[in-house]
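Trainee: Please take a close look at a single part of this model, and then tell me what surrounds it. Give me the cut-off behind each term as you go.

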Amino acid sequence: MYKLHLILKYLRKRRIAWVSLIAVMLCTAMVLVVISVMGGWLRMFRESFHGLSGDVIVKGRSLTGFPHYEEVLAGIRQLPEVEAAVPTIRTYGLIHIAVDGDPKNAIRDGVQVLGIPINEMGKVNDFPKSTYRQYQKHIEQGRAPPTTAPSFDLLDDVPYEAIAGENARDWPGMIVGVGVVGLKKERDGTMERPPQLYTSWASLTTMGVAADSPTVEAGAKTVKRYWIVDDSRTQIWQYDSNTVYVDFNVLQKDLGMEPYEGEPARASDIQIKVKPGADLAAVKEKVQGIVDSVTMRPDYPVGHPVIVETWLEANKQWLGAVEKETALVTFLFGMISIVAIFLIFCIFYMIVVEKTKDIGIIKSVGATSTGVAGIFLGYGMAIGVVGGLMGLLVSYFIVKYINEIHTGMGEMLGLTIWDPEVYAFDTIPNTMDTETVIWIVGVAIVSSILGALVPAIRAARMNPVEALRWE
């Protein structure tokens, strides 16, 4: 009982110890805010990358794609763990976009071209949710999300013939990444789309690659005109800045990847959606077996290597970079927080020196060395508990209202740290992970006890006679 009494007394009366309490609070709050923001950033990146790919991907290693993909696809779809699987084609091309037919607004650039069966893509990933006109616009206007799959169909209310002639409606539709047509987020996170965007045509030049050659010179050049029917914002810079999406069958024909003269059709990838609860590694192994059964046949042509990856393996280059940044920043702020341990050590050492006579009196009336050490260790734990909980409270409000704080700072100081034009996401992550909170607050308490350990040992070893004679 006397130990608890002294701990509470010191906690209330020894104001110099409040410095330690404030240090623990600030360090706890700082680390929690940093981990919450960086961890949230990593989580959003993982969700974005996963949302644009299947759980498992069969990937051709060259622009030629790989043949007999239909056999591989049929085998994959028969696996009980597989929910859906769709083929895709990826290549590169040159695009010329005439915005509203005005040559002064022409855009000429190199782009990545993805051929997708758009009516099936929603079965394996979240690409349909990235489209603006056919999905996000409904959300912005407070309407229910559409239940139908997006399409490349031309818009009914656009006078295509008046813009480009009587055969204009024969041109297929195209979805463009927002960066391709120069769309940027405003400071408030909104994106203004010019009214003429969906009345613009795009000329896309692609180079076919022959099945028996890895060089683009072996194929014929194809120039095709498309109408822009929608734009896509996946929140992945690599896709939004230079990718256009066209119909799988159209691109397959333009690249000479359709079946002809006894040659099988080719595709670049197969995106696979796995049923909930299935083990990705086990599914990958089964898919690899199906791929090997086709690619190891004697009649399988050389020069078409194929690999099987999970979505984590396919995106490890980007996710690994963010994970390392998160770990590095957390480590640096953790090292800075060690100052709290030394601060507690110095302050508690001073308190032990100042309270030498008190320690002598306590020991002279029967207190054990262990009991005296327990007073200061308990004092350190009290500092850690109170400081850690106060840091948690402060960090909770900072993280919860971090976007409002950022906006207020921008208005007062004219400073924008999180610029929507630079970062992939409109808002700063503002959620805290319960497990992380428990760990950080626990570390704060343990650190406070460690800071008080040496002073507690010194107090426990004091001779009561010498302590009472202390001047």
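Mentor: Start with Gln-235, which is found in the loop between β7 and α7; helices (H or I, at least four residues) and strands (E, at least two) are DSSP runs, numbered from the N terminus. Residues are numbered from 1 along each chain as its sequence is written, and side-chain values use heavy atoms, with hydrogens and water left out. This is a predicted model, in which local features need pLDDT of at least 70 and side-chain atom pairs count only at pLDDT 80 or more, while totals for chains, interfaces and linings use all residues.

Most residues other than glycine have a negative phi. Gln-235 is not a glycine, yet its phi is positive, near 70°. Its relative accessible area of 27% makes Gln-235 partly exposed; buried means under 20%, exposed over 50%, and partly exposed in between (1.4 Å probe, protein chains only).

Next, follow the elements on either side of this loop. β7 (221–232) is one of the elements that line the largest cavity, and α7 (237–240) is among those that line the largest pocket. On a 1 Å grid over the protein atoms alone, a cavity is a set of points where a 1.4 Å probe fits but cannot get out, whereas a pocket is an open set with protein on both sides within 12 Å along at least five of seven lines; lining residues have an atom within 4 Å of a point.

The largest cavity holds about 30 Å³ of space; a volume is the space filled by probe spheres set on the grid points, which are joined across faces, edges and corners. Its lining is made of Leu-204, Thr-206, Thr-222, Lys-224, Tyr-226, Leu-251 and Asp-254. β7 supplies the largest share of that lining, three residues. By class, the lining of the cavity has three nonpolar, two polar and two charged residues; Ala, Val, Leu, Ile, Met, Phe, Trp, Tyr, Cys and Pro count as nonpolar, Asp, Glu, Lys and Arg as charged, and the others, Gly among them, as polar.

Leaving aside residues up to four places away in sequence, Thr-88 touches several residues, including Gly-115, Ile-116 and Phe-248; contact means heavy atoms within 4.5 Å.

Ile-116 leads on to β8, where it stands opposite Asp-247. β4 and β8 pair in the parallel sense over five bridges; two strands pair if DSSP finds at least two bridges between them. β5 (residues 173–177) pairs with β8 in the antiparallel sense, over two bridges, and there Ile-175 has Tyr-245 as its bridge partner. Four of the five residues of β8 (residues 243–247) are buried, so this strand is largely enclosed by the rest of the structure.

For a second case of positive phi, look at His-68, a residue other than glycine with a value of about 60°. His-68 is found in the loop between β2 (66–67) and α3 (69–77). Gln-235 is partly exposed, whereas His-68 counts as buried, at 15% relative accessibility.
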